[in-house]
Amino acid sequence: MTENGRKRIYAIVFGLILTGVTLAGLELLASLEAPPWPARALRSTPPVNVQSSDFTGLADKPWIFEPYNSWGMRDKERGIAKAADGGFRTVFIGDSYLEFQLTRLTVPGEVERRFIEAGQPKAEMINLGISATGPRSYYYRMRDVAFALSPDALAVFFFSGNDFLYDGQGYGQGILPSLVSEAPGGSILGNVMPNANWVLVNRLRLSEMLTTNKPVPQEFDTLAKIARLPPAERTPALVRHVKRYYYPDLTEQQIAAIFGRDGDAFWQAYASGKVDDESLQGWLLNLMTKSEVEQSPYFEATTKEQAARLVKDGDIQATLSWLTAMDRAARERGVPLILFIVPPGTVDPDYVAYWKPWPRFYAFNVIADYRQDRLLEALARTQIRYVDLRKDFAGVRGAYRRSDAHWTDKGVEIAANRVYEELRKLEKR
């Protein structure tokens, strides 16, 4: 071998060693900021500290401040290993329908309470619900964390409002996984350098939670105060907020025409003084305004036929592929899985009536209804065990929050009753 050849080999070897040491050092540094497993593998952004200054002035609602556990989940502390004398253990996987902070109750917590009241004090319903996530994240959360908890059953919640994927985003589609991802198990860096992946997702705002809406300092508190202003002052204050932080190019008159529509109708969901009073949120104001000012067929779908023209077969198949992958992984491990399909707010007459003055914003519900119909048809041709919760909620008033379409405490109770019923069937098998 020539001298130049040896030098080239030495340079390559030295470069590889230097790269490895550098990456190891970066991962070590990242570990000083990233949380330990399983928190690191569960959520890409820490849960909101609901006792922070963002919530000043809401001390009259102490029930909002339910603490999170060390995993970053809205749940009591749990152990990785199931106790030798433990009871029936179910892991719940889903989005904000499991985590939602602004209701007193959670579905896993209520199901666990029902088991305990039925004489099973050691039953565990572990909550792995994370807001603003979807089926791709559910799959990796199940594969990388839930199975390690030795569950007796898995309960996966799919929300028809925003959990659908698009053609080309299905399981196994694409040549390579993404470099960085909020679902670490689905990215290259997340598998090799999980701490660095976690830090990058946070710093670059790559998670769905961090990209959904722009950050506005203490917005929750600001909007809560606006909702409690005298009636004549509320809409003008809201208009100024939307113009300043979201749509500076619109006139105040244009924005006021949206939120002042049909008199005081918009404010019916707020400042009622009830214990489960709804909370005004920035993302809702943003989307309401967007639906009125942007030209898109997705804001014009008022009928099933119009929705059908917007939904592709590939969308349904891409979504189904992740649900099928979850079911297949569970079957391979001998863990029964139940998929619960959460309907949009169209099932609640109060929700439907509230949004009549804003048909362009309501259009996403029409599309969600059609997508759910298509998904249920596809699920019926599989072996996936699923439950259509639309049957439990149809026609029930007050089960959905009119503002953000999450379940009220009443809705949580309805869902918990059905989930408990289904899990008891599995337990007795």
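The model is a predicted one, in which local features need pLDDT of at least 70 and side-chain atom pairs count only at pLDDT 80 or more, while totals for chains, interfaces and linings use all residues. Residues are numbered from 1 along each chain as its sequence is written, and side-chain values use heavy atoms, with hydrogens and water left out.

Leu 26 belongs to helix H1, residues 3-31; helices (H or I, at least four residues) and strands (E, at least two) are DSSP runs numbered from the N terminus. Accessible areas come from the Shrake-Rupley method with a 1.4 Å probe, and for residues only the protein chains shown count as cover.

Next, display the whole chain. It comprises 18 helices and 5 strands, and 53% of its 429 residues count as buried. The protein chain exposes about 19,800 Å², of which carbon and sulfur atoms supply 56%.

Now select helix H10, residues 231-245, and within it His 241. His 241 is buried, with a relative accessible area of 5%. Apart from neighbours within four places in sequence, its contacts (heavy atoms within 4.5 Å) are Val 216, Glu 219, Thr 222, Leu 223, Ile 226, Tyr 246 and Leu 285. Other buried residues of H10 include Arg 234, Leu 238 and Val 242. The cover over the buried residues of H10 includes H9, H11 and H12. The end C-alpha atoms of H10 are 22 Å apart, which agrees with the 21 Å that its 15 residues should span at 1.5 Å a residue; the expected span is 1.5 Å times one less than the number of residues.

Move to helix H12, residues 282-293, which reaches 17 Å from its first C-alpha to its last, close to the 16 Å expected. Among its buried residues are Leu 284, Leu 285 and Met 288. Their cover includes helix H9 (219-227), H10, helix H11 (252-259) and helix H16 (359-379).

Finally, colour the aromatic residues. The whole structure holds 26 aromatic pairs, where rings of Phe, Tyr and Trp (its six-membered ring) pair if their centres lie within 6.5 Å; planes under 30 degrees apart count as stacked, over 60 as edge-to-face and the rest as tilted. Tyr 171 and Trp 322 form an edge-to-face pair, 5.2 Å centre to centre with 85 degrees between the planes. Tyr 171 lies in the loop between strand E3 (153-159) and helix H6 (188-192) and Trp 322 in helix H14 (residues 313-332), so the pair ties together parts 151 residues apart in sequence. Tyr 171 is partly exposed at 34% relative accessible area, whereas Trp 322 is buried at 4%. Phe 266 and Tyr 270 make a tilted pair, 5.5 Å centre to centre with 45 degrees between the planes, and both are buried. These two residues also belong to one aromatic cluster, whose members include Trp 267, Tyr 351 and Trp 358.

Technical notes
Buried means under 20% relative accessible area, exposed over 50%, partly exposed in between (1.4 Å probe, protein chains only).
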